[in-house]
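Here are some friendly notes to read alongside the structure. Take them one at a time, and find each residue as you go.

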Amino acid sequence: MKCPGKEMIFNYVAGELSSEANQILEAHFSQCAACRKILSETEQQTSLVQQKLKKFAPSIIPERPDLQAKINLKKSKLKIGANAKQESFIRFPASRRLVLAGVMGIILIFCMVRMNLRHKIDEGAIYQMMMQYEDELGTDPKTDWLEKRIIISIIDEKENTIEFIQSTKENEEISREKFKIENGKFLN
Amino acid sequence: MSFEEICKNQYEAIYRFLFKMTGQPEAALDLTQETFIKFYEYLEGNAMPENPGAWLYRVVSNLCKNQLKRQNTFHRILLGLFPSDSHITHIEEKVIQDEELAMLRSAFTKPPVRDRLLLQLFQEGLSYAKIAESLQIRKTSVGKMLSRAIEKCAKNMES
């Protein structure tokens, strides 16, 4: 008989061969020293590993928990989870979510446009326009401010106009002029 | 055989197996419960498997693979954070006070998870057919894989 491989010898040690195969192998082992050596090594290694692995066994085995209670708890949690998901889906289906997202998007764009408009006429520009207006009026800031003052008001952002109201310090109106604003400057 | 009877018969064996694989009593207990919960869920929609033991070991093997992957990842992160060995106690070693056992376990963590599962299933006394079913491999491959795993493991343990 041809020498069996390591795998076959291991299968013999593991007791996985038929009784017929066992007999054939045993007959071979009695005649073949090399195979007997492999058999001995395999038996030693298998025994060593099995003995060592036995040491990993726990010293205490905890009491069997109430599995049925745990299963019921898990099932109830799953049920609650599924119901909540279903309810939220009914209340807030995908179509509604899409509409809401659209509306929010429009509001956002509107706000951004409005903010952009507001920032078109910033404080710096207003100050510049005030200086421009004072220059045109020919007021002397050193003396005139004691007797009169200029009130500036932006009348309408939609129309993009600015109105200058010149008044005395007793709030008596001297003049009122309205201008169109373009590129941060008012036009005469 | 009913679910309750199988739980009663297999609980200790499954826990022992998981403890040997993970080295952590809490993880072993959690995974044991998870295994039986999965079994219960399976029975809700299916008939009792022909071999409930092998079915359970298949679930256990898969749970083990995931758990050991998580443990290894955690261990690697710890090693990355604290490269000096003096700061680290291996997760599995925390529960093992015996030094020799710690060394043995260290040797046992070297082979791939599949080899470790093979060795433990063989140690549990499962036949090749049941091992093949549990690990979803061919029955004809079990002998070859097992003999190699034992040879490597024995060398690791001796050195």
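Predicted model: local features only at pLDDT ≥ 70, side-chain atom pairs only at ≥ 80, totals over all residues.

1. Let's begin where the two chains meet. On one side, 30 residues of chain A take part, and they are in contact with 39 residues of chain B. Together the chains bury an area of about 3,400 Å², and carbon and sulfur atoms give 69% of that. Look on chain A for A:Leu53, A:Phe56 and A:Arg64: these lose the most area to chain B, together 20% of what that side buries.

2. The rule finds one salt bridge across chain A and chain B. The side chains of A:Lys6 and B:Glu151 meet in a salt bridge, with 3.2 Å from N to O.

3. Which elements of chain A give two or more residues to the side that touches chain B? They are α1 (6-14), α3 (33-54) and α4 (67-91) of chain A. The largest share, eight residues, comes from α3(A). Sorted by class, this side of chain A has 14 nonpolar, eleven charged and five polar residues.

4. Next, the nonpolar cores. The largest one has 54 residues, and the members that touch the most others are A:Val49, B:Phe17, B:Phe36, B:Leu119, B:Ile131 and B:Leu146. Notice that this list names residues of chain A and of chain B. Helix α1 (residues 3-22) of chain B gives the most to this core, with eleven residues. There is also a second, separate core of nine residues, including A:Met129, A:Phe164, A:Ile181 and A:Phe186.

5. B:Leu119 is worth a visit of its own. Leaving aside its neighbours within four places in sequence, B:Leu119 is in contact with A:Val49 and A:Leu53 in chain A. Within chain B, and with those neighbours again left aside, its contacts are B:Phe108, B:Leu146, B:Ala149, B:Ile150 and B:Cys153.

6. Finally, look at B:Ser61, in helix α3 (residues 52-81) of chain B. Is this serine buried or exposed? B:Ser61 counts as buried because its relative accessible area is 1%, and the cut-off for buried is under 20%. Beyond its neighbours within four places in sequence, B:Ser61 is in contact with B:Leu117, B:Leu121, B:Ser134 and B:Leu135.

How values were computed:
Residues numbered from 1 in each chain as written. Chains lettered and ligands numbered in written order. Heavy atoms only, no water. Core = buried A, V, L, I, M, F, W, Y, C linked by side-chain atoms within 4.5 Å. Buried < 20%, exposed > 50% of the residue type's maximum accessible area, 1.4 Å probe, protein only. Helix = DSSP H or I, 4+ residues; strand = E, 2+ residues; numbered from the N terminus. Contact = heavy atoms within 4.5 Å. Buried area = accessible area lost by both parts, 1.4 Å probe. Salt bridge = Lys/Arg side-chain N within 4 Å of Asp/Glu carboxyl O. Nonpolar A, V, L, I, M, F, W, Y, C, P; charged D, E, K, R; others polar.
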